[in-house]
Amino acid sequence: MGTHQLSGLFDHPIAREGTESLKYDGRLDTFGTDDVLPMWVADMDFAVPEAISQALQARASHPVFGYSMAPESLYQALIDWLLNTHDWQVKREWIVLTPGVVPSLNLVVAALTAEQAGVIVQPPVYFPFFSAVTNQHRRLIENPLRLTDDGTLAYQMDLAQLEESAKEAELLLLCSPHNPVGRVWQKDELHALLAIAEKHDLTILSDEIHADLVYTDAQHTPLSRLSLDSASTSEASHRIITAVSPSKTFNIPGLGLSALIIPNEAHRRAIQKHLQRMGVSVTNPFNLAAFEAAYRGGGEWRKALIAYLQDTRDEAIAFINKHLPAIRVICPQATYLLWLDCRELKLDDAALNRFFIEEAKLGLSPGAIFGRGGEGFMRMNIGTPKANVMAALSRLQAALAESN
Ligand SMILES: Cc1ncc(COP(=O)(O)O)c(C=O)c1O
């Protein structure tokens, strides 16, 4: 099936209630009511590519589900994907499989830094970045993103402040592309970041889980690949660890399998040792089947998904700009997450959250959970049929009109 024929698939509504879905069946626990359109936790309401369902069905048809091991073909599928999609040549021995990107954040912090070491995060950011540091009793150092407003809102890194923070830190947790603000970091920004890391001997964990969900108006550069390209920073790849996963792009986050790309052998050994000590079984028959099938057979589906999401993004933003003047939206360059600036409503965070749940009947992620700079914002997951997104925005429009 070509990209064009695939796009119709995403309009098809799929009932997810009763599937132990956190997003749907967890509404009562999270919002205190089932009566919200759920647009929070980052999974999508779309069926996975056929290549994945076929691989899972094939595996399920064998009746023994014993301990598993990753086949070489799985590693090769990831290597081919990174080369073909990101022009990044990764060596087989650099790859360490892990049970998810959030576990990987915790693992890297624990394995590579000492107790009380400084670890930098850039809020507002995906909230497990904070707990990955505090869980391990490391010192959280914040390098908040800067929000500029010259008619349009745009986020940038505060490199001057980062230079200061780097003096007292061992590790930086980079979110690239960035959740929740949707930025795709450009090469000049990443070069500047690398220069700071070099100067202050900083290790960087680059969480690139959203790298395959980039819209056509931006281009993602793997930080580690950039460092390999650059003559002045030829050794820099040794200080970079990259987390990748097919889970967001191909909508299989419930299956839990990701990979760390670790060119530095000492880092690799420390991380593998820590993983072993935790006694965690990383692979299982289903996550292996889905992981390999995604990278091997999901390419066309991904292109169709991005086209669909980009269309949804653009229509949603046009609607907000036209009909919801009290809300400003940051146009994401990547991710299926819209970052809504609701500060004009002049509600504190508890009241803003209540307004979305009780008046608009929408279950979004409150911006405040993403840390400093997230106050007064809400994050909306648009990984759902476009009709749902537009219905949600109409609910919001009606609730805002009612509250005036
Ligand atoms: C930046 C980022 N990292 C990690 C994750 C979760 O990764 P995993 O489900 O593999 O733990 C998410 C999920 O939204 C995310 O946005």
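Trainee: How many residues of domain 1 are in contact with residues of domain 2?

Mentor: In this predicted model, where local features need pLDDT of at least 70, side-chain atom pairs count only at pLDDT 80 or more, and totals for chains, interfaces and linings use all residues, 34 residues of domain 1 are in contact with 39 residues of domain 2, contact meaning heavy atoms within 4.5 Å. Residues are numbered from 1 along each chain as its sequence is written, and side-chain values use heavy atoms, with hydrogens and water left out.

Trainee: Which residues belong to domain 1 and which to domain 2?

Mentor: Domain 1 covers 3–50 + 299–399, whereas domain 2 covers 62–297; the bounds come from an automatic or database domain assignment. Taken over C-alpha atoms, the centres of domain 1 and domain 2 are separated by 25 Å.

Trainee: What makes A316 count as buried?

Mentor: Buried means under 20% relative accessible area, exposed over 50%, and partly exposed in between, with a 1.4 Å probe and protein chains only. A316 has 0% relative accessibility, so it counts as buried. Its place is in helix α13, where a helix is a DSSP run (H or I, at least four residues) and a strand is one of E (at least two), numbered from the N terminus. Leaving out residues up to four places away in sequence, A316 touches L338, V389, M390 and L393. L393, leaving aside its neighbours within four places in sequence, is in contact with A316, F319, I320, L324 and M380.

Trainee: How do you know whether S247 counts as buried or exposed?

Mentor: The relative accessibility of S247 is 9%, and therefore S247 counts as buried. S247 is found in the loop between β9 (240–244) and β10 (258–261), and, not counting residues up to four places away in sequence, S247 touches I209, I252 and P253.

Trainee: Why is α6 called roughly perpendicular to α11?

Mentor: Axes are lines fitted to C-alpha atoms, for helices over the stretch in contact, and angles run from 0 to 180 degrees between N-to-C directions. Helix α6 (residues 101–112) and helix α11 (residues 265–278) pack at an angle of about 115 degrees, with their axes 9 Å apart. That makes α6 roughly perpendicular to α11, because angles of 65 to 115 degrees count as roughly perpendicular, under 35 as roughly parallel, over 145 as roughly antiparallel, and the rest as oblique. In this packing, L107, V108, A110, A111 and L112 of α6 meet H267, A270, I271, H274, L275 and M278 of α11.

Trainee: Which residues make the contact between α5 and α12?

Mentor: Helix α5 (residues 72–86) and helix α12 (residues 285–297) pack at an angle of about 35 degrees, with their axes 8 Å apart. S73, L74, Q76, A77, L78 and W81 of α5 make the contact with L288, F291, E292, Y295 and R296 of α12.
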